[in-house]
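This briefing covers the pockets of one protein model and the residues that line them. Look over the sequence and the structure first.

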Amino acid sequence: MSRNTILLTCSIVLNLLLFHSWYFHGQWEQSWTKSATAEAEFVASISCSGHGRAFLDGSILDGKPVCECNACYGGPHCSVFLPECIADADSGDPMFLEPFWLKHAASSTIVVPGWHRMSYEFNDDSLISKELDAQIRKLHAVIGNAVTDGRFIIFGVGATQLLHAAVHALSTTNHPSSPSRVVASTPYYPIYKEQTEFFNSEDYKFEGDTSLCNNNSGCKGNFIELVTSPNNPDGQLKKAVLQGPSAKTIHDFAYYWPHYTPIPALADENLMIFTLSKLTGHGGSRFGWAIIKDEAVHQRMLTYMNLSTYGVARETQLRVLKLLKVAVENEGKEMFNFGYQTMRNRWRKLSKTMSLSKRFSIQELETQFCSFSEKVRGATPAYAWLKCVREEDKDCNAVLHSVNITGRHGSLFGAESRFVRLSLVKSDDDFDLLLKRMGTLVSQENNNDGINKIMTHRDEFIGTK
């Protein structure tokens, strides 16, 4: 081989190496990865005084994203407290986990190019990411809260869609004159009633409290029982009430995570529903999954999902995959310990305030062994189930409105109006304001009791003169 040939060959190889380095580590990265990263980091750097957040898809003013403030804060940088605002304890928006994700921004970030998963289906013609399916099974194995071996998994647009798909799949379709009767034990999650009545199907109808039929020998027909465990609103671990071949059960395990409850055992039910919102806090991603034993039920739910939304968005599945990988790092200890510690601290503060009151009471928190943390611990539910004890306080929500607190009315859960659900899973700002306002109510109560005692002693003193 001549010297010129050798030089030419070396030159070609060198140019190929330079092109490869430029294309894959220079131009390719410069074209969208770096610019996307710079844009995201710029928005993240905008100061909102710790009481708000700027977003890539938020409003723009003078070419810059604008801060979106937490409730009760305003101003360009969310630095102004609005003292007359309402302390919103109605919504179950799980923002208490936001500080964890701020700390783990790098490991939980995804970059989605314009060409990502443009097809309707994955390469295997399915609508479900096999990698995400595997990650969900790994998650349950790490936490020890549900059996997934030999089970079917289906994705939905949040637990809300999956709940109705499950009711549809379990309903009796060959007896239109005798629809399945949907029941739940009081207090129950309001959407069970609202959703069933809204769709107004000939195949099922909402009957109300499970006990009405369990205790009535005249109750006949096919039943679909919705069991929420831990229960929304009171956080109690629940089991199915109805038994027998005519009773089918949907287990809503939205809150069956170490944030909210000790995990006593693996759940191994026929149909179990979970949701991302109460697991990682990402309610806005609208993602849930069902774990199903029976193949026929799985197929009916799958048909429902295909005809209603044709699956869950690929971008959502990608984001959930990334989030769950972070969630199970170090065997899940970091995220779940953060969630549990946050909820435990909130319950301690609220319980201390409520212990000073004779006007209000909240549910007792049960203690039991948790297989995940390997210790005996108390429950830390997502909600306080508040009761107005005094006979005259028949509308407890109205009592709370007197100090600008709004909760969710007990009647929506099939309970008395003297009950109110208070959300404890919102942001630190929301919880701190709720605690302050509840403290005001308790202080008013104690002050009034003190005045009443003084007046009583005065009258007794006058009467002895």
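Domain bounds here come from an automatic or database domain assignment. The model is predicted, with pLDDT of at least 70 needed for local features and 80 or more for side-chain atom pairs, while totals for chains, interfaces and linings use all residues. Residues are numbered from 1 along each chain as its sequence is written, and side-chain values use heavy atoms, without hydrogens and water.

**Largest pocket**
- Its volume is about 1,900 Å³ (a pocket is an open set of points on a 1 Å grid over the protein atoms alone where a 1.4 Å probe fits, with protein on both sides within 12 Å along at least five of seven lines; a volume is the space filled by probe spheres set on the points).
- The lining of the largest pocket has 48 residues (lining residues have an atom within 4 Å of a point).
- Arg-53, Ala-54, Phe-55, Leu-102 and Arg-319 lie nearest the centre of the largest pocket.
- Helix H1 contributes the most to this lining, 7 residues (helices are DSSP runs of H or I, at least four residues, numbered from the N terminus).

**Second largest pocket**
- The second largest pocket holds about 390 Å³ of space.
- Its lining comprises 22 residues, with Thr-160, Tyr-189, Tyr-255, Ser-277 and Lys-278 nearest the centre.
- Helix H5 (158–170) and helix H8 (276–280) each give two or more residues to this lining, and the largest share, 3 residues, is from H5.
- Domain 2 (130–332) and domain 3 (333–463) each supply at least three residues to the lining of the second largest pocket.
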